[in-house]
Amino acid sequence: MDLEDCDAYELRDTLVLANKYQMDSVSTRIIRRIEAGWPTSFEQHYIARKTFHNKLEYLDTVPDRWERVEYQFPEPASAIRLATEHRILRILPAAFYRLAINDVSVGWEDEKVLDMGAMSARWGLLEKEDWMRYNRGKIVLISCFDELLPNCEGSGLADNCKQRDICAAALEEPSARLRDMRTVSFAQRPDVLGCAIALREDLGKMSFCHCCTRELRTIFTDFLETVCFDLPDIFALTVST
């Protein structure tokens with residue numbers, strides 16, 4: 001078996017056998033393979049998200065080609081089961097975040113999926129405690145997102161801004177977009193990282209001066225890094241080994 005081509009679902013039985021027969025080198029390879037697929041910092045989250053969307057944008061330009069982009073990335077529910085059973089705890093925050101922004105109505109193995117960018121899971125693998133963490137995490141993520149708007153409105157202008165009237169008016173655009181993002185769909189799939197990243201990347205297109213653009217980017221970056229750092233608490237996880 002080529003471990004590099006397998007996901008957590010396929011590696012589960014192999015890891016059980018490797019541990020049973022004390023095949024430490026095989027166990028270590030499997031664990032490293034699983035860990036490599038999940039981000040543990042904001043920078044890694046950003047790269048994984050960018051890779052996903054770049055692939056999706058590329059496929060949109062290729063006529064008569066269709067594929068589920070998520071199949072090139074690890075599946076979260078099987079990763080959670082494997083990590084929980086074998087204490088690969090450092091991947092749990094990212095796996096639960098991915099689970100929280102997936103469409104619960106779509107299964108990983110559903111064949112009639114029309115959206116190439118669909119995000120799903122093997123929902124049947126989750127246990128009661130997993131569902132509790134999933135539901136709790138979504139509530140806390142929404143609460144975190146709700147704190148971003150007042151931070152943006154209250155601290156968005158730089159002290160050394162040279163065009164305060166223009167920048168104060170421009171501040172309404174990111175504020176309005178934050179309010180518009182707070183939809184029923186967002187409540188079901190609260191992708192706070194994706195929303196904040198999209199806004200941060202668009203700041204340079206707005207009418208802010210250089211100083212206020214830098215100030216707002218700092219606010220958004222601090223928010224993104226804090227959310228990533230707090231994911232263990234958001235999903236009530238213990239990640240120390």
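Figure 1. Of the protein's 241 residues, 46% count as buried. The model is predicted. It holds 11 helices and 0 strands. From the N terminus on, the order of elements therefore reads α-α-α-α-α-α-α-α-α-α-α. Along the principal axes, the C-alpha atoms fill a box of roughly 70 × 45 × 30 Å. Take the contacts between residues at least 6 apart in sequence: 71% of them join residues at least 24 apart.

**Figure 2. The largest nonpolar core.** In soluble globular proteins, nonpolar side chains tend to be buried together. Here the largest nonpolar core has 71 residues. L141, V192, F208 and F235 have the most contacts inside this core. Helix α11 gives the core its largest share, 11 residues.

**Figure 3. Close-up of L141.** L141 is among the core residues with the most contacts inside the core. Its neighbours within four places in sequence are left aside here.

**Figure 4. The crossing of helices α3 and α11.** Two packed helices are described by the angle between their axes and the distance between the axes. Helix α3 spans residues 42–60, and helix α11 spans residues 210–234. Their axes come within 9 Å and cross at roughly 100 degrees. Angles of 65 to 115 degrees count as roughly perpendicular, so α3 and α11 are roughly perpendicular to each other. From α3, the residues at the contact are F42, E43 and H45. They meet L224, E225, C228 and L231 of α11. The contact residues divide into 4 nonpolar, 1 polar and 2 charged.

**Figure 5. Helix α4, a largely enclosed helix.** Helix α4 covers residues 76–86. Of its 11 residues, 8 are buried, so the rest of the structure largely encloses this helix. The buried residues are P76, A77, S78, A79, I80, R81, L82 and A83.

**Figure 6. The two ends of α4.** At the start of α4, a side-chain oxygen of E75 reaches to within 2.8 Å of the backbone nitrogen of A77. A77 is one of the buried residues of α4. After α4 comes R87. The phi of R87 is positive, near 55 degrees.

Methods
Residues numbered from 1 in each chain as written. Predicted model: local features only at pLDDT ≥ 70, side-chain atom pairs only at ≥ 80, totals over all residues. Heavy atoms only, no water. Buried < 20%, exposed > 50% of the residue type's maximum accessible area, 1.4 Å probe, protein only. Helix = DSSP H or I, 4+ residues; strand = E, 2+ residues; numbered from the N terminus. Polar contact = N/O pair within 3.5 Å; in protein donor to acceptor, adjacent residues only side chain to side chain. Axes fitted to C-alpha atoms, helices over the stretch in contact; angles between N-to-C directions. Parallel < 35°, antiparallel > 145°, perpendicular 65-115°, else oblique. Contact = heavy atoms within 4.5 Å. Nonpolar A, V, L, I, M, F, W, Y, C, P; charged D, E, K, R; others polar. Core = buried A, V, L, I, M, F, W, Y, C linked by side-chain atoms within 4.5 Å.
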